[in-house]
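Trainee: I would like to learn how to read a model like this one. Let us take it feature by feature.

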Amino acid sequence: MPRDLPDEDDWLLHERRRIGRRIRDARLDHNLTQEQVFLAVPMNRKFYQEIEAGQANPSLETLLRISRVIGVTISDLLQ
């Protein structure tokens, strides 16, 4: 691994938080509550909150479902 790359754990945490913020921002831009999203996906409240906080590691399928419910493409969430 090249020396100029950040520590993998730090990098993953940073990326999860960044994606979680993108999900939250997209949700708010579409005037949706967390409850509306997690019920429509469906998933439990705690897991959805952990995704937005960057603490959870959602599957690709979960991210696709969230993006569909919010009304954005998955690429919008991953930018």
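**Reading the loops and the helix packing**

Mentor: Start with Asn 31, which counts as exposed because its relative accessibility is 68%. Exposed means over 50% relative accessible area, with a 1.4 Å probe and protein chains only. Keep in mind that this is a predicted model: local features need pLDDT of at least 70, side-chain atom pairs count only at pLDDT 80 or more, and totals for chains, interfaces and linings use all residues. Residues are numbered from 1 along each chain as its sequence is written, and side-chain values use heavy atoms, without hydrogens and water.

Trainee: Where is Asn 31 placed?

Mentor: In the loop between helix 1 (8-29) and helix 2. Helices are DSSP runs (H or I, at least four residues), numbered from the N terminus. Asn 31 is not a glycine, yet has a positive phi of about 55 degrees.

Trainee: Is the peptide bond from Val 41 to Pro 42 cis or trans?

Mentor: It is cis, with omega near -15 degrees. Pro 42 sits in the loop between helix 2 (34-40) and helix 3 (45-52).

Trainee: At what angle do helix 1 and helix 3 pack?

Mentor: Axes are lines fitted to C-alpha atoms over the stretch in contact, and angles run from 0 to 180 degrees between N-to-C directions. Here the angle is about 110 degrees, and the axes are 7 Å apart. Helix 1 is therefore roughly perpendicular to helix 3, a label for 65 to 115 degrees.

Methods: Helices (H or I, at least four residues) and strands (E, at least two) are DSSP runs, numbered from the N terminus. Buried means under 20% relative accessible area, exposed over 50%, partly exposed in between (1.4 Å probe, protein chains only). Angles under 35 degrees count as roughly parallel, over 145 as roughly antiparallel, 65 to 115 as roughly perpendicular and the rest as oblique.
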